[in-house]
Amino acid sequence: MTGRSLTSGMATEVVKPEVSPIFLVEMDFSSGFVRAWSGYGDLSWNGHTWLGAGELMEIDPVEETASFVANGASFKLNGIPSAMIAVALDQDYQGRAATLYLGMLDSSGAVIVDPTEVYGGLMDTMEIDETGETASITVNVESDAVALKRAKEWRYTHEDQQIDYPGDMGFEFVAGLQDKEITWKPASQS
């Protein structure tokens, strides 16, 4: 985790002789958030209930580099009932937030107050592998930095200005300026 520092609660916990690390995944779907964690049973943290996915959840290694590179991540849930596939397919998810946290459990099984965000990005594609009664769903997440590589879709035109500011005439004459020939005269010749 280059360039990141552990929160105070995490820093205190990692130096103990025995630690209980966990991962928490939060994905923002159109029907609401899906929150899962790498253990069993329900877990309460940050005012929300996180569903235990245990061995059913897989997280691809998250890569960070010293250079500015937009790396992606994948979160996979296995053993999903096939009947739930239609629900997953109907969700509006592309471009919506997904976050991965690294946390610790204390000796009583409660989440240390401040888990560390390991990865945050935008959901891109969803892959479904159906094998009879159950299926696997993989959500691929791209870094927010990917947006820097995309061409801007907004142009300095009257039509684009009307999308955001209907009635604003600030760009009304921009198209006519493209091939306009302007001759400048010194002020003394007027």
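A word before I start. The model is predicted.

Let's begin with strand β9. It covers residues 134–143. How many of its ten residues are buried? Nine are. So β9 is largely enclosed by the rest of the structure.

Now its partners. On one side of the list is β8, residues 116–131. β8 and β9 pair in the antiparallel sense, over ten bridges. At the turn end, look at Thr131. It stands opposite Thr134 in β9. The hairpin of β8 and β9 has two residues between the strands. Find Gly132 there. Gly132 takes a positive phi, near 85°.

The other partner to show is β6. β6 and β9 also run antiparallel, and they pair over seven bridges. For a landmark in this pairing, take Ser74. Opposite Ser74 you will find Asn140 of β9.

Stay with β6, residues 73–81. It takes us to the cavity.

The structure holds one cavity of 30 Å³ or more. How much space lies in the largest cavity? About 30 Å³. Which residues line it? Val25, Met27, Ala36, Met57, Phe75, Lys76 and Leu77. Two elements each give two or more residues to that lining: β1, residues 21–29, and β6. β6 gives the most, with three residues.

Last stop: Gly54. Where is it? In the loop between β4, residues 48–52, and β5, residues 57–59. Buried or exposed? Gly54 has a relative accessible area of 9%. The cut-off for buried is under 20%. Therefore Gly54 counts as buried, although it sits in a loop.

What does Gly54 touch? Leave out residues up to four places away in sequence, and the contacts are Trp37, Ser38, Gly39 and Tyr40. Take Gly39 from that set. Gly54 and Gly39 are 15 residues apart in sequence. In space, they are 4.3 Å apart, C-alpha to C-alpha.

To recap. Strand β9 is largely enclosed, with nine of ten residues buried. Gly54 is a buried loop residue in contact with Trp37, Ser38, Gly39 and Tyr40.

Conventions. Residues numbered from 1 in each chain as written. Predicted model: local features only at pLDDT ≥ 70, side-chain atom pairs only at ≥ 80, totals over all residues. Heavy atoms only, no water. Helix = DSSP H or I, 4+ residues; strand = E, 2+ residues; numbered from the N terminus. Buried < 20%, exposed > 50% of the residue type's maximum accessible area, 1.4 Å probe, protein only. Contact = heavy atoms within 4.5 Å. 1 Å grid on protein atoms, 1.4 Å probe; cavity = no way out; pocket = protein on both sides within 12 Å on 5 of 7 lines; lining within 4 Å. Points joined across faces, edges and corners; volume = space filled by probe spheres on them. Pairing = 2+ DSSP bridges.
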